[in-house]
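Subject: Handing over a structure

Hi there,

Here is the structure I promised to pass on to you. Please open it first, and then read my notes below.

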Amino acid sequence: MMQNVHLAPETDEDDLYSGYNDYNPICDIEELENDAAFQQAVRTSYGRRPPSKTSLASSVGRPMTGAIQDGVTRPMTAVRAAGFTKAALRGSAFDPLGQSRGPAPPLEVKKKDSPEEKIKQLEKEVNELVEESCIANSCGDLKLALEKAKDAGRKERVLVRQREQATTPENINLDLTYSVLFNLASQYSVNEMYAEALNTYQVIVKNKMFSNAGILKTNMGNIYLKQRNYSKAIKFYRMALDQVPSVNKQMRIKIMQNIGVTFIQAGQYSDAINSYEHIMSMAPNLKAGYNLTVCYFAVGDQEKMKKAFQKLIAVPLEIDEDKYISPSDDPHTNLVTEAIKNDHLRQMERERKAMAEKYIMTSAKLIAPVIETSFAAGYDWCVEVVKASQYVELANDLEINKAVTYLRQRDYNQAVEILKMLEKKDSRVKSAAATNLSALYYMGKDFAQASSYADIAVNSDRYNPAALTNKGNTVFANGDYEKAAEFYKEALRNDSSCTEALYNVGLTYEKMNRLDEALDCFLKLHAILRNSAEVLYQIANIYELMENLSEAIEWLMQVVSVVPTNPQVLAKLGELYDREGDKSQAFQYYYESYRYFPCNIEVVEWLGAYYIDTQFWEKAIQYFERASLIQPTQVKWQLMVASCFRRSGNYQKALGTYKDTHRKFPENVECLRFLVRLCTDLGLKDAQEYARKLKRLEKVKEIREQRIKSGRDGSGGSRGKREGSASSDSGQNCSASSKGERLSAKLRTLPGTNEPYESSSNKEIDASYVDPLGPQIERPKTAAKKKIDEDDFADEELGDDLLPE
């Protein structure tokens with residue numbers, strides 16, 4: 001292998017490239033100043049340099065390519081780089097970069113104080129301020145954005161003055177001035193400083209040097225619309241419309257839509273109809289079709305309403321659903337289809353379709369009750385039109401809306417009939433109908449039917465959270481809390497945003513006395529629904545059950561901040577403060593509760609007892625009089641009123657109240673005792689009469705008590721004899737014994753005979769009246785596929801989620 005390798009010779013005589021860097025002395029220009037012949041030739045016009053005495057070979061410096069020198073042929077090409085020969089090293093040092101000549105002269109330093117540099121620096125600062133203002137606006141810091149915009153405006157004015165002094169006015173940067181003014185006007189507008197914004201826009205619009213500035217009159221019209229100055233808003237919209245060329249159709253359509261909205265807000269529906277009719281003839285869109293339907297509804301034109309609804313239905317969506325279905329078994333095509341199923345374009349198409357369905361459903365619900373003789377016929381017309389369009393799926397939703405309308409009119413049979421018809425549809429509609437039926441039967445206390453339809457809804461769609469929630473409610477009603485909690489948890493696993501299921505899980509844990517878990521559920525729900533009074537009340541209730549009254553009071557205060565006029569919450573706060581021993585705070589909240597709902601007997605009783613404790617008898621009287629109006633069959637409230645009159649020293653009023661009470665309740669022994677003592681003290685002749693009545697009533701009382709005692713101690717034979725006696729006597733004895741029991745029960749609540757002047761204390765007063773207001777915490781929330789108003793069912797709430805998408 002090494003036989004074909006030839007090493008280069010190391011002797012200088014064999015160097016094939018020697019003399020490569022040599023050159024002819026004629027080309028040596030460094031010694032021209034010392035060359036006498038050259039200087040002579042320069043001085044004279046006809047001088048010639050004498051010929052060189054050197055030989056041709058020495059003058060050339062190196063042999064010709066291919067020439068034979070010393071028996072060696074010079075190669076045709078050179079493979080060694082210039083400057084790296086040994087011959088070059090002999091003559092001078094290796095310096096290919098010319099570093100021996102010294103460093104290069106420094107660059108010329110720019111003057112920072114020059115006018116051009118100052119102007120460039122100011123332009124940079126202005127641009128940075130405008131960018132910072134826009135960024136602050138996008139982050140929501142409107143105040144900072146306005147400050148940055150103002151700073152940019154001030155520096156831009158300084159920049160303009162410097163340019164005018166340094167250069168000609170033609171060199172002013174108009175684009176920078178326009179951007180600064182436009183940004184400043186926009187920031188004024190978002191900060192609701194409308195006068196300043198209008199002034200800034202006027203500066204831009206009036207300047208003829210700004211091209212296409214007239215379109216900003218649209219922004220000025222928007223500001224006037226916010227200020228409800230509809231005439232000026234329409235004026236500026238029309239001025240902006242004149243500035244837009246006819247080729248820009250999209251911009252012109254948008255401005256005309258603004259004009260139509262302004263006419264609607266101004267109540268000029270006929271003018272709005274003209275605008276929207278023009279839009280629907282030129283470039284139909286969903287918003288214009290919906291607004292046109294609303295305008296015809298406002299003017300009451302039934303035929304035009306139908307035509308407008310048909311135009312709305314006919315607006316093309318421009319969505320191709322077929323491209324998301326793979327037509328072949330090609331793996332590459334399937335991968336592409338899977339990739340585009342959830343991309344941003346697909347999401348935009350879904351949003352557009354959802355918006356179209358919302359407009360159509362709202363329009364149908366709006367016009368259905370008025371376009372025909374009955375709302376049912378109107379819904380049928382809308383369903384037929386929808387079935388003949390590209391929105392066939394919405395027909396079933398309209399049927400559910402029809403059922404909900406029947407519910408609002410309290411026609412439950414028709415609603416149930418429609419929902420039962422929808423059970424025969426596909427699984428999605430069947431699940432929605434069964435879910436609503438389950439909710440209806442649950443609210444009607446028919447738990448068996450509710451459970452049956454909940455099962456149908458769950459079997460039709462296992463992942464329907466509303467159906468699972470309703471199924472859990474039926475199990476909850478039967479007392480199986482563990483199983484109910486499992487259904488609620490499954491609903492949450494299918495849809496973590498199902499607030500009804502989460503609320504019901506908390507109630508279930510509360511029933512099972514698992515207070516910590518219940519508290520966790522309601523705290524999670526509070527993170528979702530920040531201002532829900534029901535959730536806040538449940539958290540406070542759990543803290544109360546945990547005997548943590550301070551936390552309960554704190555959460556109830558948040559409830560009051562959300563619903564400040566709820567009497568039940570205010571009364572609960574008063575109760576908690578009373579248990580804490582803070583009577584003044586308790587009185588404040590009890591009094592607020594009484595102001596909003598003066599029929600809560602517990603609140604009235606507490607306030608009356610509070611004034612008795614503080615010995616303000618006159619103020620206590622009004623509350624006990626209110627209690628006597630609420631419960632007119634309870635004698636104790638009128639006795640309390642009379643007692644307050646007597647304690648305040650108004651014996652005449654007290655005597656009159658006792659007499660009125662005796663006329664209403666002639667068998668009341670306590671009232672007669674007070675009458676006897678009061679008439680005796682006042683020296684009235686009526687004392688003897690009332691004393692005789694009192695003795696007679698006491699004797700009757702003793703006889704009744706003996707009969708009751710003997711009846712309890714009697715044998716079976718005597719009981720059989722009594723049963724064989726006349727039926728009239730038996731009935732009389734039974735009624736007498738029952739009256740005696742009720743009378744003795746009343747007497748136990750009244751003061752003893754040894755203290756005839758003392759009325760019943762506040763602890764002995766029992767109030768059987770139950771406040772109908774306040775949050776419902778016993779029954780769980782139901783979930784339905786269609787929202788039903790609270791006015792329809794006051795004691796329940798349905799979920800506000802619509803049909804599943």
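Is glutamate 547 buried or exposed? Glutamate 547 is exposed, with a relative accessible area of 57%. The words follow set cut-offs: buried means under 20% relative accessible area, exposed means over 50%, and partly exposed is in between (1.4 Å probe, protein chains only).

Some background before the rest. This is a predicted model, in which local features need pLDDT of at least 70 and side-chain atom pairs count only at pLDDT 80 or more, while totals for chains, interfaces and linings use all residues. Residues are numbered from 1 along each chain as its sequence is written, and side-chain values use heavy atoms, with hydrogens and water left out.

Salt bridges

Glutamate 547 forms a salt bridge with arginine 579 (3.8 Å, N to O). A salt bridge here is a side-chain nitrogen of Lys or Arg within 4 Å of a carboxyl oxygen of Asp or Glu. This pair links distant parts of the chain, 32 residues apart: arginine 579 is in helix H27 (residues 567-580), and glutamate 547 is in the loop between helix H25 (533-545) and helix H26 (549-562). Helices are DSSP runs (H or I, at least four residues), numbered from the N terminus. Arginine 579 is partly exposed, at 41% relative accessibility. Salt bridges with shared partners join both residues, together with Glu544, Lys572 and Glu575, into one network.

The whole structure has 22 salt bridges. Another one brings together the side chains of glutamate 123 and arginine 163 (2.1 Å, N to O). Glutamate 123 lies in helix H4 (residues 115-138) and arginine 163 in helix H5 (residues 142-166), so this pair ties together parts that are 40 residues apart in sequence. Glutamate 123 counts as buried at 17% relative accessibility, and arginine 163 is buried at 14%.

Aspartate 380 and lysine 402 also meet in a salt bridge (2.9 Å, N to O). Aspartate 380 sits in helix H16 (residues 375-387) and lysine 402 in helix H17 (residues 394-408), 22 residues apart. Lysine 402 is buried, with a relative accessible area of 10%, whereas aspartate 380 is partly exposed at 35%.

Aromatic rings

A search of the whole structure finds 21 aromatic pairs. Rings of Phe, Tyr and Trp (its six-membered ring) pair if their centres lie within 6.5 Å; planes under 30 degrees apart count as stacked, over 60 as edge-to-face and the rest as tilted. The rings of phenylalanine 309 and tryptophan 381 have centres 6.0 Å apart and planes at 50°, so that pair is tilted. Phenylalanine 309 is in helix H13 (residues 302-314) and tryptophan 381 in helix H16, so the pair ties together parts 72 residues apart in sequence. Phenylalanine 309 is buried at 0% relative accessibility, and tryptophan 381 is buried at 18%.

Tyrosine 611 and tyrosine 623 form a stacked pair, 5.6 Å centre to centre with 15° between the planes. Tyrosine 611 belongs to helix H29 (residues 601-613) and tyrosine 623 to helix H30 (residues 617-630). Both tyrosines are buried. They are part of one aromatic cluster, whose members include Phe587, Trp606 and Phe616.

One last thing to look at: lysine 619 lies over the face of phenylalanine 616, at 5.6 Å from the ring centre. A charge sits over a ring if NZ of Lys or CZ of Arg is within 6 Å of the ring centre and within 35 degrees of the ring normal.

Key: Helices (H or I, at least four residues) and strands (E, at least two) are DSSP runs, numbered from the N terminus.
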